[in-house]
Amino acid sequence: MNKLGSSNKQYDVIVVGAGMAGLYILYKLRVAGFSAIALETGDDVGGTWYWNRYPGARCDIESLDYSYSFDPELEKQWQWSERYATQPEILRYLQFVADRYDLRRDIQFSTRVERADWDEDASQWKVTTANGDCLTSQFYVMATGCLSLPKEPDVPGANRFGGTTYSTNAWPHDGVDFTGKRVAVIGTGSSGIQSIPLIAKEASQITVFQRTANYAAPANNGPVREEHLQKLQADRDTYHEEARWSRAGVPLPRSEEPFFTVEPEERQRRLEKGFARGDLLTINTLFTDLVSNQAANDSVAEFFRDKVRAKVTDPQTAEDLCAKDFPLFTKRLCLETNYFETFNLPHSKLINLRHTPIESITETGIDTTEESMEFDSIVFATGFDAMTGAIVAVDIRGRHGIELKDVWEEGPKTYLGLNVHGFPNFFTITGPGSPSVLSNMVVSIEQHVDWITAAFEHLRNQGLKTLEATAAAQEGWATHVNDFANLTLYPVANSWYMGANVPGKPRVFLPYIGGVDTYRQACNEVVERDYLGFEQSGPAGFHCNEGVIRYVKPDVQMVLDLIASLEQPPLETLPVDQARAAMDANAATRAPGPDVGEIIDSKLPGPDGELDYRLYRPATAGPHPIVVYYHGGGWVLGHASSDDPFCRHLCTSSNSIVVSVDYRHAPEARFPAAVDDAYGALNWIAENAESLGGDSKQLAVAGWSAGGNLATVVCQLARSLDGPNISGQLLVCPATDRDFSTASYGDNAEGYVLTRNLMTWFWDQYCDASDRNDPRVSPLRAESLDGLPPAMVVTAELDPLRDEGNAYAAKMHAAGVAVQHIQAPGQIHTSLTAVDMVVSANDVRQAMSDGIRGFFQ
Ligand code: N01
């Protein structure tokens, strides 16, 4: 094996690791004309496939997909013998790649990197190895893999055992013969589930210590699937392009249907078919919501458990093997071959550590709380310090000597999983914050390597030396990664995705769950926008296009994408009656909102005829406080039930009666008709509070958008006209002023549902220019805001009305009004009222409900 004499060598790039990522980046860098060296602890290439040589080790993405795509010639030269290749075959493949491109000459084996320091003056990295070598480079790349640092076996007495111990992730190269041995296996993740059936074939006795049962699908391994091969060979470019723009890095059809919208028989049929297909990804693509909807997830999890029950003879063992502690998919699904059947063998035994925990490993075996068992060998299949472990195992120091381990003390933050603020020219391949382990690793590795190499070329071409993420860009990405994770069930599991398998590791969702396609798009956009969020510097100067690549909340973006796909004409281009019909049609597709105790549709006398109202009553015993609610719709659209889900939410969560009152709309009835009706309705409800089942002393108002405008106005009128006593006002994205020159109108003029054009149209329908300074139209222009009821003002970042809402909150505050002001980042005008659709606004909605409760205390 190669061992370069490398003391004090200078390179363009130092790479750590010669696994799949290290090999490909060496190849790319050489083609691009950079000098590079890879430093590798092992004495050959292969990375994870070099170390994890346990019996049964295989890929769990089909071999055809688990292959490099960068060179069609390479693909043509290599044939996989199985659908899921074994570790030896994958290792042979990587050795073949290393040889084919003569990569070993740039790899220094048997070399552990101990430290890497950014040298500010020289603008380069200084890398120190355990062998005492010191190497320098402009760029430093960690290609150390996501699952490469073994987790310490945190079992009491682990060092006392007098027999032989093995770790699946550092398996002897000569293999192990368990014939006639009494073997204990601790751990039932992918490694345990793959190795246990094969160890059981040799051992005289196998005892499996399971702390958490796992979900597993049958691998149904065999030869490479013929149709798969044909599809790939028919058009490799298209196939790979589809993989690159797929969700998980494998081209698979994706359902558009939520689980419960499909008939039960059809669901079952799809699940059976998906399960029998024998792969990790298919089942999760059958429905849209299996990782976000707990009930849907529960159903499919039960399907998996039933499969176990059908395979395992002893009912108690079967039940113990059924995964129940976490939602399906929130730990990596395992692929198994004869795993469950192994427990039907007379010489196998399952110890459920939930019932009988290990007390200690002893010199001769393992003591649980119930028995002492003797073994010849113990196999630890206890996993890895995933995603960050191998990176911070090297003492990496960026600007001012700051250590990465300290920077990541509360969890890793990166920009795109590629770079870290404070660590110029430092890159991680498939680092935390990128799709990595949630995708076909090869696709993600290739994407990162291509991006990184292109970035190096960009700097070289521009006469620049360094690239470093800004703090703001990194923070924005970290928020985006968390926002995505929080839309799913993943954060509830004690998984290695969450860092929860390693005692003391911060609990943070490590990979990016938005999908390979979405992620690639973000990375591409960063480049297209002149490396948005990166500082670029060197002899040719310094510049930075500061910014956050994804600031719209992911679920809001999904709603925007859905709306865009409908290609509806802008409302303001339609005749009013058609605009109203379009809004009602869209409303019919919303999630319905929570059940309330009672709904009454009725009418109240308004100043110019009857007005519809819809009353929402909580299921709890009354009398309840009353919230008079004014709906949105630009004074033109909408009606008493048009904000139905939001009103239901306010009712149940604040335990108040909500009376959504209608008012006359423009253009048929222009200003001040809506104001007169809103105020008239308030008075009527105040006078009739008790007959409505409410508490006459507890009355608040609320409104969204144009309804928020009316809510502000009725508060001002009630104050000036000695009207009803109002306990509080909830103003959600209120229109408060006729000014279109605010920054929020400029920034959010289009693209976020409520556009500048639409708002202009609403104003034109509602009132003449000469009326617009009237505080009953533009309440921000009121001479004084003294003496108004306590207020909660909620504004959305990406809303044209943001600034006028903010200004109204500030002006009330300055006037001595008790104001709670919530500014919702990444939200749009319509998302705060989109109950059960935009779940990223749940905390804001909760705050609104708390605010209403607060009015009545
Ligand atoms: O590790 P794991 P793995 N006492 O962390 C148990 C990839 N991979 O090496 O869940 C008792 O999943 C632990 O129990 P619990 C793949 O991405 C891929 O198996 O913490 N038990 C768990 O059962 C995979 O997800 C392939 O309660 C202890 C097990 O050890 C990832 O690598 C093959 C314990 C660890 O499971 C990791 O898989 C193999 C203790 N003190 C791996 N500590 C392919 O097929 C831990 N455990 C490609």
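Let's start by selecting T453: this residue is buried, with a relative accessible area of 2%. You will find T453 in helix α15, which covers residues 441–462. Before you go on, keep in mind that you are looking at a predicted model.

**Stop 1: around T453**

Keep T453 selected and show its side chain. A polar atom of that side chain lies 2.6 Å from the backbone oxygen of V449. Now show what T453 touches beyond residues up to four places away in sequence: I25, K28, L29, A32 and F34.

**Stop 2: colour by confidence**

Next, colour the chain by pLDDT. The mean pLDDT of the protein chain is 97, and 99% of its residues reach 70 or more. Then select residues 1–6, where the pLDDT is below 50. In the model this stretch still has 24 contacts beyond near neighbours in sequence. Where pLDDT is low, predicted coordinates should not be read in detail.

**Stop 3: the ligand**

Which residues come nearest to the ligand? Of the 25 residues around the ligand, they are K151, D154, S191, R211 and T212.

- K151: a polar atom of its side chain lies 2.8 Å from a nitrogen atom of the ligand.
- S190: here a backbone N or O atom lies 3.0 Å from an oxygen atom of the ligand.
- R332: an N or O atom in its side chain is 3.4 Å from an oxygen atom of the ligand.

How much of the ligand does the protein bury? Taken alone, the ligand exposes 910 Å², and the protein buries 89% of that.

Stay here and colour the shell by residue class.

**Stop 4: Q87**

Move to helix α4, residues 87–100, and pick out Q87. Is Q87 buried or exposed? Q87 is buried, with a relative accessible area of 6%. Leaving aside its neighbours within four places in sequence, Q87 is in contact with W49, N52, R53, A57 and R58.

**Stop 5: P424**

Now select P424, in the loop between α14 (404–407) and β18 (426–428). P424 has a relative accessible area of 0% and is buried. Which residues does P424 touch, not counting those up to four places away in sequence? They are W118, W125, R399, T466, L467 and E468.

Take E468 from that list and compare positions. P424 and E468 are 44 residues apart along the chain, yet 4.5 Å separates their C-alpha atoms.

**Stop 6: two cis peptide bonds**

The peptide bond from G622 to P623 is cis, with omega near -5°.

Then go to P667, in the loop between β25 (657–661) and α21. Here the peptide bond from A666 to P667 is cis, with omega near 5°.

**Stop 7: two positive phi angles**

Select Y531, in the loop between α17 (516–528) and β20 (534–538). Y531 is not a glycine, yet its phi is positive, about 55°. With a relative accessibility of 3%, Y531 counts as buried.

Select S705 next, in the loop between β26 (694–704) and α22. S705 is not a glycine either, and its positive phi is about 65°. With 6% relative accessibility, S705 counts as buried.

**Stop 8: helix α24**

For the last stop, select helix α24, residues 756–766. Which residues of α24 are buried? Show the side chains of L758, M759, W761, F762, W763, Q765 and Y766. Then colour the helices that these buried residues pack against: α19 (576–587), α21 (673–687), α22 (706–720) and α23 (743–747).

Two of those names link back to earlier stops. The loop holding P667 lies between β25 and α21, and the loop holding S705 lies between β26 and α22.

Conventions
Residues are numbered from 1 along each chain as its sequence is written. This is a predicted model: local features need pLDDT of at least 70, side-chain atom pairs count only at pLDDT 80 or more; totals for chains, interfaces and linings use all residues. Side-chain values use heavy atoms; hydrogens and water are left out. Buried means under 20% relative accessible area, exposed over 50%, partly exposed in between (1.4 Å probe, protein chains only). Helices (H or I, at least four residues) and strands (E, at least two) are DSSP runs, numbered from the N terminus. Contact means heavy atoms within 4.5 Å. A residue is near a molecule or strand if one of its heavy atoms lies within 4 Å of it. A polar contact is a pair of N or O atoms within 3.5 Å; within protein, one must be able to donate a hydrogen and the other to accept it, and residues adjacent in sequence count only if both atoms are side-chain atoms. Accessible areas come from the Shrake-Rupley method with a 1.4 Å probe; for residues, only the protein chains shown count as cover. pLDDT is the predictor's confidence in each residue, from 0 to 100.
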